[in-house]
Amino acid sequence: MSKFIMTRRGLLRAGAASGVALAAPMHFIRGAYAEDISCNMPKGDTVTFGWSVPLTGPYADEGADELKAFQLAVKHLNGEGDGGMIPTMKPAALKGNGVLGKKVAQVHGDSQTKTDAARDNSKRMIERDGAIMISGGSSSAEAVAVQSLCQDMGVIHMSGLTHSNDTTGKDKKRYGFRHFFNAYQSGVALGPVIAEAYGKDRKAYHLTADYTWGWTQEESMKAATEALGWQTVAAVRTPLGSADFSQYITPVLNSGADVLILNHYGKDMVNSLTQSVQFGLRDKEVNGKKFEIVVPLFSELMAQGAGDAVKGIYGTSNWDWKLDDDATKAFTKSFGQEYGAPPSQAAHTCYVQALLYADACERAGTFFAPAVIKALEGFEFDGLGNGSTLYRAEDHQCMKSCLVVQGKENPKDKYDLMEIVKVVPREVTTYDPAIFGGELGPSDAKQC
Amino acid sequence: MDAILLQILNGLDKGGAYALIALGLTLVFGTLGVVNFAHGALFMLGAFCAVTFNKLLNLESVVIDPSQTTAWGTPLEVRTPYIEALLGDFGAYLHDYSVPFSILLAIPVMLIIGIVMERGLIRHFYKRPHADQILVTFGLAIVIQEIIKHFFGANPIPQPAPMAFGGTAYVGEIFGMGQTLAYPWWRIIYFLFSLGVIGAVFAFLQFTTYGMVVRAGMRDRETVGLLGIDIERRFTVVFGLASVVAGVAGVMYTPILPPDYHMGMEFLVLSFVVVVVGGMGSLGGAVAAGFLLGILQSFASMNEVKAIIPGIDQIIIYLVAVVILLTLPRGLMGRKGVMED
């Protein structure tokens, strides 16, 4: 009969062998512990949001207002101030104690209304400052460039003011989300109003900012007006940031066109509209009709810059502080008391984007990017100033109402420059996401 | 016909700005032999004299009116510019005409800046190669730009034209063509202003003893010196005069192009082309080339022209410069021996 004798050496060997045997499966399942980690998930008691806003360049006024809105949003998310639109948002998981119990910290950079600067900013904020989400921007070129970078780095991009169809069309990304409306929706909303005001027998001349937003704005306005019977005489591209439009305006005078459509935004629009009026376009009569100017995308900030030139001009807007709903009133009160002026549509969309991202983290119960993306996709909400809104899962574009506005003839003060002519309902502005193509891409988590 | 006349008008106001900057550039080159790359910055500084003057006029008192509230529930702030409170209607008039009035500020300021620049820096580079002059004046331009950016920010600051000249002039009516030919009043005024300044500079050089000495110095500096005339001091004044010309050109251009810290650089490159096309050191050549290139650029931006050669409006000036320099190497009115060493 054999006798089992355990020596000290034998015990050590057996122990080591058992350790290896038990640890071996860990090699194959170690990824399971990392799968809930995505880029810049917070480790301390703060979570950092990054704002890439144009503080210089042709869209600088919008950028400055966006930054104010972000700072106000952070204040409200951290439970300071009157809460702004947090109490009016429905459904809302936000508690006013930061996000998932962590205080919100913020960093920002000047994107200069340039794509390369916007990408550099965003990369710096992600890599150096640990930003978990990037938002802001007033140009679609910036939005497209930054959301592509964010897709590569696995960081969610909640775009600010971007109106090109491409942002949530051919260039859409799984990590990119847009609350602002787009050029297609502007065309659908504005077309019938200007056809009714100016008639269906019109000849239009387009001056278009030469980048993604301008191209899609021109395309959408052409489609909308031509469908109503208008002819397009010419469509001329102008470099972004042009200050003197005289060389582009003089050919309009003898082109036979009786409507000038300015597919410009920000300072470009202020300059092109002011100079068009100086060249006497609005006093002209062509083809037996009064010459008209249309600005498809309009804002209060631009109206302030353009002064009297804006009176009577039709355009569209994502939102206006004079809307009569509780959410708009609450936000206007918060913003006005903080900064002494009402918020612009750029400020509104940025504030809303910051709240929506924070709310999605709360609903997902994590900062893990793929889970937050899931929480945002198909989210139906109300109480943020645009009525009932859907964050459409197919293209990450918000489906909601938008406004047709007109420059006021007799404003009360410098903030009362636009009149809301029509609130175009969500059913009218909703379209098939397939018409603009593009692929969202994967939502795989990335570590940075 | 209307389209052609419009492009001529358009070219004239652009050409006016090119000619005024190029005039100062070529004046400095002709007298001091200095290639001044900071000249565009002087144009920009002039524009910011208008901005400063306007800011001074806009200083306002703020009174809280508790009986009125804003849409966001705070008491209304009633703001009144001091100038209007103090001077009443004349204050409002001064405010409206702030751009032309700021010339009164720009002249002494630009004269002092020009003289300080010449005495403090440029004169140390008279005998240095042109490459050194270009480097130092380019560096100076960047320093001036950054100072302006620090104090005024990076964004353009619009300056309104006076109300009376903010609208449209129906030029066609003068020629019995009805209202088909319309052009902004301020641009016409700018063109006339540029003609006036150019005429004044030529008259100063042509009909005054001071100008005669300067012209003699441009031809033969040493002989004028041997006659006991302090030609260096006169050339310093000429540098000051060139900076005043650039400055007032900048002031009056502000309602056309909202000034920012970078505007000088945009004009500098084109103005150098104008100087080269006109002939280095030739005052008449600079003026002629300024207007010629302004008008050509305007014609090149007509849709009919761009349909044949796309993008021609962006390159026409450089294309013309190449052709002129190939056929007339000294430029349109260049003198023999200038920049030929």
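How far apart do the C-alpha centres of domain 1 of chain A and domain 2 of chain A lie? They lie 29 Å apart. The structure is a predicted model, in which local features need pLDDT of at least 70 and side-chain atom pairs count only at pLDDT 80 or more, while totals for chains, interfaces and linings use all residues. Residues are numbered from 1 along each chain as its sequence is written, and chains are lettered from A and ligands numbered from 1 in the order in which they are written.

**Domains of chain A**

- Chain A is assigned domain 1 (46-181 + 322-400) and domain 2 (184-317); such bounds come from an automatic or database domain assignment.
- Between them, 19 residues of domain 1 of chain A are in contact with 20 residues of domain 2 of chain A, where contact means that the C-beta atoms of two residues, placed from the backbone, lie within 7 Å.
- On the side of domain 1 of chain A that touches domain 2 of chain A, two or more residues come from each of α3 (60-77), α5 (140-153) and α12 (345-364) of chain A. Helices (H or I, at least four residues) and strands (E, at least two) are DSSP runs, numbered from the N terminus.
- That side of domain 1 of chain A holds six nonpolar, nine polar and four charged residues. Here Ala, Val, Leu, Ile, Met, Phe, Trp, Tyr, Cys and Pro count as nonpolar, Asp, Glu, Lys and Arg as charged, and the others, Gly among them, as polar.

**Backbone features of chain A**

- The peptide bond between A:Lys90 and A:Pro91 is cis, with omega of about -10°, and A:Pro91 lies in the loop between α3 and β2 (103-110) of chain A.
- The loop between α3 and β2 of chain A also contains A:Leu100, which has a positive phi of about 50° although it is not a glycine.
- A:Leu100 is partly exposed, with 16 other C-beta atoms within 10 Å. A residue is buried if 20 or more other C-beta atoms, placed from the backbone, lie within 10 Å of its own, exposed if 12 or fewer, and partly exposed in between.
- A:His396, likewise not a glycine, has a positive phi of about 60°; A:His396 is found in the loop between β14 (389-391) and β15 (398-399) of chain A and counts as buried, with 26 C-beta neighbours inside 10 Å.

**Contact between chains A and B**

- In this interface, 23 residues of chain A are in contact with 26 residues of chain B.
- The side of chain A that touches chain B draws at least two residues from each of β7 (231-238), α8 (246-253), α9 (266-278) and α11 (326-339) of chain A, and α8(A) gives the most, with five residues.
- By class, the side of chain A that touches chain B divides into eight nonpolar, 11 polar and four charged residues.

**Chain B**

- Chain B has 16 helices and four strands.
- Of the 341 residues of chain B, 44% count as buried, and the C-alpha trace of chain B spans about 75 × 50 × 35 Å along its principal axes.
- Among contacts in chain B between residues at least 6 apart in sequence, 73% join residues at least 24 apart.
- In α14(B), B:Leu293, B:Leu296, B:Gln297 and B:Ala300 meet B:Ile312, B:Asp313, B:Ile316, B:Ile317 and B:Val320 of α16(B). This contact of α14(B) with α16(B) has seven nonpolar, one polar and one charged residues.
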